[in-house]
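Me: I would like to learn how to read a protein structure. Could we go through some features one at a time?

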Amino acid sequence: MLCCAFKIKASETRLEDKEDRIMGGSNKPSSGQTGGVEPPGAGENPHTDLSRVYSKDLLPTAGGESLTCKFFQELVNILMDYIFKSNERSSKILDFHHPHQLKEGLEGFSLELPDHPEPLEQILVDCRDTLKYGVKTGHPRFFNQLSSGLDLVGLAGQWLTSTANTNMFTYEVSPVFLLMEEVLLKKMQSIVGWCEEEGDGIFCPGGALSNLYSILVARYDFYPEVKTKGMCALPRLALFTSEHSHYSVRKAAAVLGMGSDSVQVVPCDERGKMISRELESSIAEAKAKGLVPFYVNATAGTTVYGAFDPLTAIADVCDRHQLWLHVDAAWGGGLLMSRRHRVKLQGIERASSVTWNPHKLMGAPLQCSAILIKKRGLLQECNQLCAEYLFQTDKHYDISYDTGDKTIQCGRHVDVFKLWLMWKAKGSEGFGSQVNKCLENAEYLFKQLQRRADFKLVFESKPEHSNVCFWYLPPSLRGLPPGPDTSRRLHEVAPQIKAKMMEEGTTLIGYQPLGSNVNFFRCVFSNPATQHEDVDFLLEEIARLGSNL
Ligand code: ABU
């Protein structure tokens, strides 16, 4: 109740007298936004001078309520200042420093750990500086990663989750969150197109682990003896994935003891889609070598090109050979929320498992990734070890809600609440509009690139997802005949522009080579705050930074 009585005050408290120091001078927020905030009566309380109090003075110390409120209100001011700046186009996305500079310490920001406690004022300075030297991934001109933006309801959910500070292994410690997970998984399964009787799953730490789960469970489905006997009890297995798919498939094969060589890489067309005919040939080749095919990964939204594999054709191949079909929709799953775009994932309902990361296109704060498994009970059977100190069978409630034994973890973070809260706040339709907006931005960028002579698209067809891939052609390279020398010089353009971009901090975009294509930029849109003016800015900024190359 005390905190509810907070008022934003224009008057200065002792902490605010030191605000220039705390906020690094020019970072001081505009008055009224993050100005003095104090609990009633705090002015008279010497314990609210944060330069003289320590973490031991906060709750649960008797009488620590007022100081705890003061500390958190100051923290909220710091966070609000950051959120406002992240939404200001004129503010920098990053204030880049090399690792050695950050390690040496900057303007009083030291990474070293002290033997003696530091006062709460310094702790707040550390919070502010941590954000100051980080990257504003919520800035509308941050295009570097598939996950971007900062959904404020999601952030509220994240904060509540950390406040609850509980663990997802049993119903007894996470009753509400486990039921929310069930609700979300069912909703996502029905959106994928599975029927009521089908569907299981779990939220886990990231798409790479979701993909690992799919292989783990598929292998168990075919060879349950692997759980106790290991790989020596199994024939030499073969997995299939496209050359544009995520590297986590090969990594998972290595982690799971099958070896990354067991992954057969299937060629793609020029747009980055797996060629189903080539999949059929790869399966035949693997069989001829004495390998036993069991798993195919199809990608819905590849990381670089944003391509969608032909799911129906791939599902037909899997049916013919009785293989497990996994769809890695970590990036593309968000399109299922859009009536306009979900057609691109036609056939996903035939998958035996699906990876879907709401922390990407749907904008849930990191991290939030689901592995959905069609066949019920497999996850539990595959992973359960029935540790009796957690999963007692004589509990007085329905122990099927003790879902922690489905996972390969023990402790598990609550990743569901922020998504559940966002879904409440937006509705499914709100997510659909958000996704449509990201794809509209991609189409706008595509059209701008088509018009300009100083840029070249990596492929001419309209983007299917929000990925747009292109080269910048500096004046010195324009009009040169194609050939190894031009390619070598073009390969150096994107990294040089990116280096300058990081130093200036005005915008951020990624680059990579892929196949025979030398380094090119990949722009991705997942932040609904981004507008056409930001797309225009990106192109002008690349042209400005690259004009002398
Ligand atoms: N597959 C993880 C995300 C990669 C990216 O943000 O570019």
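Reply: The turns below go through helix packing, a sheet, a hairpin and some backbone features of this predicted model.

Me: Let us begin with two helices. At what angle do α7 and α14 pack?

Reply: Look at the directions of the two axes and at the distance between them. Helix α7 (residues 175-192) packs against helix α14 (residues 417-451) at about 55 degrees, and their axes are 9 Å apart. That angle makes α7 oblique to α14. The crossing of the two is left-handed.

Me: Which residues of α7 and α14 meet?

Reply: From α7 come Phe 177, Met 180, Leu 184, Lys 187, Met 188 and Ile 191. They meet Phe 417, Leu 419, Trp 420, Trp 423 and Ser 428 of α14. Sorted by kind, the residues of this contact are 9 nonpolar, 1 polar and 1 charged.

Me: Now a sheet. In what order do the strands of the 7-stranded open sheet stand?

Reply: The order is β4-β10-β9-β8-β7-β5-β6, and the pairing is mixed. β4 (200-204) and β6 (263-266) are at the edges with a single partner strand each, so one side of each has no neighbour in the sheet. From one strand to the next, the twist averages 20 degrees.

Me: Do β4 and β10 run parallel or antiparallel?

Reply: They run antiparallel, and 5 bridges join β4 to β10 (residues 369-373).

Me: Let us turn to β14. How many of its residues are buried?

Reply: A residue is called buried when its relative accessible area is under 20%. In strand β14 (residues 517-523), 6 of the 7 residues are buried, and the strand is mostly covered.

Me: How many bridges does β14 form with β12, and how many with β13?

Reply: Strand β12 (residues 468-472) pairs with β14 over 3 bridges, in the antiparallel sense. Here Phe 470 is opposite Phe 521 of β14. Strand β13 (residues 508-514) is also antiparallel to β14, with 4 bridges. There, Leu 514 is opposite Asn 517 of β14. The hairpin of β13 and β14 has 2 residues between the strands, and Gly 515 in this hairpin has a positive phi near 60 degrees.

Me: What should I look for in the backbone itself?

Reply: Most peptide bonds are trans, and most residues other than glycine have a negative phi.

Me: Where are the cis peptide bonds?

Reply: One joins Leu 59 and Pro 60, with omega about 15 degrees. Pro 60 is in the loop between β2 (36-38) and α3 (65-86). Another runs from Leu 366 to Gln 367, with omega near -10 degrees. Gln 367 is in the loop between β9 and β10.

Me: Which residues other than glycine have a positive phi?

Reply: Examples include Asn 165, with phi near 45 degrees, and Cys 386, with phi near 55 degrees. Asn 165 is in the loop between α6 (152-164) and α7, and Cys 386 is in the loop between α13 (378-383) and α14.

Me: Why is Asn 165 counted as exposed?

Reply: Exposed means over 50% relative accessible area. Asn 165 counts as exposed because its relative accessibility is 65%. Cys 386, at 41%, is partly exposed.

Key:
Residues are numbered from 1 along each chain as its sequence is written. This is a predicted model: local features need pLDDT of at least 70, side-chain atom pairs count only at pLDDT 80 or more; totals for chains, interfaces and linings use all residues. Side-chain values use heavy atoms; hydrogens and water are left out. Axes are lines fitted to C-alpha atoms, for helices over the stretch in contact, and angles run from 0 to 180 degrees between N-to-C directions. Angles under 35 degrees count as roughly parallel, over 145 as roughly antiparallel, 65 to 115 as roughly perpendicular and the rest as oblique. A crossing is left-handed if the near helix is turned anticlockwise from the far one by less than a right angle, and right-handed if clockwise. Contact means heavy atoms within 4.5 Å. Ala, Val, Leu, Ile, Met, Phe, Trp, Tyr, Cys and Pro count as nonpolar, Asp, Glu, Lys and Arg as charged, and the others, Gly among them, as polar. Two strands pair if DSSP finds at least two bridges between them. Buried means under 20% relative accessible area, exposed over 50%, partly exposed in between (1.4 Å probe, protein chains only).
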